[in-house]
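Dear colleague,

Please find below the structure that I am handing over to you. I would be grateful if you kept it open while reading the notes that come after it.

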Amino acid sequence: HAASGVHLIIVADGAGSASHARYGSKLAVNAAADTILALLNDPGKPHHKLAHADSATRKQIADNLIANALHAAVSTHKTAAQQAGLAEKALSCTLLIALTLPLAGGGWYSAGYQVGGAYSGETQFLTAAQLQPDDIQRRIRTIETAAAPTVILMTDGVSDPKFETDAALENPQRWQALWDELQAPLAADDPKAALHEWLG
């Protein structure tokens with residue numbers, strides 16, 4: 001996002017038991033992205049000044065972007081389910097949101113949100129229950145780094161075959177191996193198509 005410097009990644013994974021999970025995932029990602037971009041594009045709101053805010057204000061702005069995105073995703077599921085005559089759980093999906101940006105004073109700020117798996121084999125899906133402010137807060141992690149970070153969001157379709165266990169997820173060598181493997185698709189003439197093929 002050119003005006004604010006924010007890099008945004010959003011990923012959803014449909015529940016295997018949900019009849020319209022792929023559709024639910026697409027709805028959630030699009031609603032979340034559209035909401036965050038609309039806030040960043042609004043000159044009357046402070047969101048586009050994220051890079052210039054003090055740390056406390058920056059946290060408030062990032063938290064607000066994520067909270068609005070979650071409300072939009074849940075609302076979109078509710079509306080779509082009503083229009084199609086489906087139960088909302090038919091659209092069940094996980095949702096991961098990450099944003100990172102260079103700060104005006106140097107360094108990078110990153111914030112990530114996750115509703116999905118807290119550990120291997122456990123999954124929780126996006127529902128209205130996740131819209132409580134305290135629940136949103138406990139799912140957000142932030143970090144400031146001196147250099148631009150590498151940000152990777154993955155669902156269990158990638159993490160299970162690449163890491164298998166929680167212990168492997170904590171092993172820096174396994175992360176380095178994944179990053180090395182991704183260099184070829186990222187360097188391809190069409191990285192989007194190459195990454196899609198790699199995901200297969």
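The model is a predicted one, in which local features need pLDDT of at least 70 and side-chain atom pairs count only at pLDDT 80 or more, while totals for chains, interfaces and linings use all residues. Residues are numbered from 1 along each chain as its sequence is written, and side-chain values use heavy atoms, with hydrogens and water left out.

Some terms come first. Helices (H or I, at least four residues) and strands (E, at least two) are DSSP runs, numbered from the N terminus. A residue is called buried under 20% relative accessible area, exposed over 50%, and partly exposed in between (1.4 Å probe, protein chains only).

Salt bridges

Six salt bridges are found in a search of the whole structure; the term stands for a side-chain nitrogen of Lys or Arg within 4 Å of a carboxyl oxygen of Asp or Glu. One of them joins Glu144 and Arg58, with 3.1 Å between the closest N and O atoms. This pair links distant parts of the chain, since Glu144 belongs to strand β4 (residues 140-145) and Arg58 to helix α2 (residues 55-84), 86 residues apart. Glu144 has 46% relative accessibility and therefore counts as partly exposed, whereas Arg58, at 6%, counts as buried.

Another salt bridge connects the side chains of Asp63 and Lys59, at 2.9 Å from N to O. Both residues lie in helix α2, four residues apart, which is about one turn of the helix. Asp63 is buried, with a relative accessible area of 10%, and Lys59 is partly exposed, at 37%.

In Asp135 and Arg138, the closest N and O atoms of the salt bridge are 3.1 Å apart. About one helical turn separates Asp135 from Arg138, because they are three residues apart in helix α3 (residues 133-138). Salt bridges with shared partners join Asp135, Arg138 and Arg139 into one network.

Helix α4

Which residues of helix α4 are buried? In this helix (residues 156-163), they are Val158, Ser159 and Phe163. Seen down the axis of α4, these buried residues fall within an arc of 90° (taken from the directions from the helix axis to the C-beta atoms), so they line one face of the helix. The face turned away from the buried side of α4 carries Gly157 and Pro161, which are exposed. The buried residues of α4 pack against α5 (166-169), α6 (172-186) and α7 (191-199). After α4 comes Glu164, which has a positive phi, near 65°.

Two single residues

Ser110 is in strand β3 (residues 108-115) and is buried, with a relative accessible area of 9%. Its side chain makes a polar contact of 2.8 Å with the side chain of Thr100. Such a contact is a pair of N or O atoms within 3.5 Å; within protein, one must be able to donate a hydrogen and the other to accept it, and residues adjacent in sequence count only if both atoms are side-chain atoms. Leaving out residues up to four places away in sequence, Ser110 touches several residues, among them Leu99, Arg141 and Pro149; contact means heavy atoms within 4.5 Å.

Thr76 is located in helix α2 and, at 24% relative accessibility, counts as partly exposed. A polar atom of the Thr76 side chain lies 2.8 Å from the backbone oxygen of Ala72.

Yours sincerely
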